[in-house]
Amino acid sequence: MRMNRPLPIIAAALVAFCLAAAPAFDQVKSYKELKYPELRPFEVPQPERTVLPNGMVLMLLEDHELPVIELFARVRGGARLEPSDKVGLGAIFGQTLRTGGTKTMTGDQIDDFLEARAATVETGVGDEFTEASLSCLVQDFPEVLKVFADVIRGPVFAEDKIKLAKNQVSTGISRRNDNPQQIMNREFEKLVYGSDSPYARVPEYASVEKISREDLLAFHKTYFQPNRIIIGVVGDFSAKDMAARIRATFGDWPKGPATKDPEAAYQATNKPGVYYIQKEDMTQSDIIMGHLGIRRDNPDYFAVEVLNEAFGGSFAARLFSNVRSRKGLAYSVRGAVASNYDYPGTFNTWMTTKTETTAAGIDALLSEIGDIVNKPPTEDEVRRAKESILNSFIFRFDSRGRILGQQVTYEYFNYPADFLARYRANIEKVTTAEVARVAKKYIHKDQLSILVVGPSKGQDRPLESFGKVSRLDITIPEPKGAAAPAASAESLVRGKSLFARVIEGLGGAAAIDSVKAIRTVSANTVKTAQGEMTIKVVSTLALPDRIRQELDTPMGMMVRVVSGAEGFMNTPMGPQPMPDSQRTDMGKAIRRLPIVMAQHRNDPDFKVQHAGQEEVEGTKVEALVISGGGEEVKILVDPSTGRILRQIYRGQSQAGPGEFVATFSDFRAVSGLTLPFKSQVTMNGEPMQSSVSEEIAVNPAVDATIFAKPAAESPAGAKDGQ
């Protein structure tokens, strides 16, 4: 709103304000002398709680600020209850509960219905519970509630949506070793809770593959019972009317059996020691150390909260001030005795530092852990920590929706309903002596599991200086394809004979063994979410294990290089290490090349077996299964020419793992070899990429420097404050 007050009046008001305020400013010589009024009492609005006859708990909180209603259902059934051999079931259930449709509407029809009303219905599964939510305008609530009820009461889990969800989970598996901090946190939880604990285990391709629609239906039948559900509603409504509507919607849902869920196990003590994960696509080290923490219903919880704030909770905390600011060792540093509602959190202290300061970083963290116990926070540190917590507390619960969410959480875990209301008062009561006591009680330097994730070279001091080092293997178990038939003496003899025909078809042993490098210029057409995209690719292969690809994309030039165990990318954003998953995939692609397979024909582990006859576009072919180096590929060979017409293998893409089929054509003579100039690739039966080679050069002059890393490589994660 525009104010049309005359300028002289405004000026006079400003002068009067400054004159009135001047004496107050003159009286204060330091910020420490400033006095603040006491914080007003924090009054938590209490939701109306009702228990329906079928056991469903209803918690309602009116909020008439906006014409919107938000509802969420908290269901007693989370990923920690999934079978140990079907890890990933919770993630797939959480997605397909909503996308898999119901008996009355498909998932796509639900999408259209909600989009037309700017409404949402979402579902997901965490470790402790499943949650389903809706958000919509007041006038649309009756219709949206019907759809929501249909989703949680009658899901059908359509097979196509299950397949999509499995692919997405599998994609996550294939990329889970790309992010160093995710690796650090995941493997640390295994050390603390135990690798078999539901709080630490992770899905694998094999466990995801086992999950069926029947498993999802069984999970729903077991855990989706009204007496296992808490429904919270906040928004612009009358509590009386809303209670009647919820009762009318869910009141006919029969009460389920009273059952006690099995306890999710975890190890009582962690595994102290020094652990290392080698990850070469890094220019830094991620370090974490710790052990079991506490539960939130621990009587010492509030004193621990103050301890955490003083130790590692803010820019003024010890870890940040000493390790990052004073010693300059950390890009990021944090630490706390963490807590969960019904199982212990972890005490963990972690940092990201340069590879060259790895040992110095460990020394610094160990020093701070020792000091927080032996030199506990001072009166001034405790005062600042309490002020920081109290001043930020209100922003954590600055809406009725957040408050209701917290109240439902307390209801779910059987905490006192006034736990939130008492939080601030309990923080204010914490004394310096209590902080010192809980530091000594819950932080144990002699029980630390110390984990380092980083490259193997460049550290300032060997990790062995901290004790015996255990190396952790984070290799992702490969997805299994269809099992090859058992090898017989006859199939091996036949396989060897046919592969000799392949050698001839490629150009003969002498020509094959003379190949040291190949350069290919091609036009690759790939499928993307936005449609087809054609990319010019210049690929230089230097055997046995170096490759450089220059991709001219619509977003600019991109370079990918693999040199043995190392890999990097150079994009319009600058140079960066290549994620391990991509480096591994490119290495496998090299070993699948017909020339490379043929060069390894005499390796001790190289095996070829005949696997019957098939057909490729009207041509009868012989199937050979080739294994070696822990990998397996199937090739379909035209026996009359020895040409490989098709190659079938398990691999990875951005869409996850799957079965790839590469079909080759347009064979031409190149420097004594016969090579295909065209190929088409499908993944799980869907077209993925086609390639047309414009030029193939055998044994061109190759400058070895093209495989070298750029001189100035930006360290990932080195941004200030990250």
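Here is a short chat about how some labels in this predicted model come about.

User: Before we start, what are the ground rules on numbering and confidence?
Analyst: Residues are numbered from 1 along each chain as its sequence is written, and side-chain values use heavy atoms, with hydrogens and water left out. As the model is predicted, local features need pLDDT of at least 70 and side-chain atom pairs count only at pLDDT 80 or more, while totals for chains, interfaces and linings use all residues.

User: Why is Arg186 called buried?
Analyst: Buried means under 20% relative accessible area (exposed is over 50%, partly exposed in between; 1.4 Å probe, protein chains only). Arg186 has 10% relative accessibility, so the buried label applies. Arg186 sits in helix H6, residues 180–193; helices are DSSP runs of H or I with at least four residues, strands are E runs with at least two, and both are numbered from the N terminus.

User: What does Arg186 touch?
Analyst: Leaving aside residues up to four places away in sequence, Arg186 touches Arg176, Asn177, Val202 and Ile474. Contact here means heavy atoms within 4.5 Å.

User: What makes H10 roughly perpendicular to H16?
Analyst: Helix H10 (residues 301–312) and helix H16 (residues 432–442) pack at about 90°, their axes 9 Å apart. Angles of 65 to 115 degrees count as roughly perpendicular (under 35 is roughly parallel, over 145 roughly antiparallel, the rest oblique). That makes the pair roughly perpendicular. The residues of this contact divide into eight nonpolar, no polar and one charged.

User: How do you know that strand E8 pairs with E11?
Analyst: Two strands pair if DSSP finds at least two bridges between them. E8 (residues 284–292) and E11 (residues 344–354) have nine, in the antiparallel sense, with Ile288 opposite Trp350.

User: And what about E8 and E12?
Analyst: E8 and E12 (residues 449–454) pair over five bridges, again antiparallel. Leu451 is the bridge partner of Ile288 there. As for cover, nine of the nine residues in E8 are buried.

User: What makes a group of residues a nonpolar core?
Analyst: A nonpolar core is a set of buried Ala, Val, Leu, Ile, Met, Phe, Trp, Tyr and Cys residues joined through side-chain atoms within 4.5 Å. The largest one here has 64 residues, and Met289, Val306 and Met351 are among those touching the most other members. H10 supplies the largest share of this core, eight residues. Apart from it lies another core, of 53 residues, including Met56 and Ile246.

Conventions
Axes are lines fitted to C-alpha atoms, for helices over the stretch in contact, and angles run from 0 to 180 degrees between N-to-C directions. Ala, Val, Leu, Ile, Met, Phe, Trp, Tyr, Cys and Pro count as nonpolar, Asp, Glu, Lys and Arg as charged, and the others, Gly among them, as polar.
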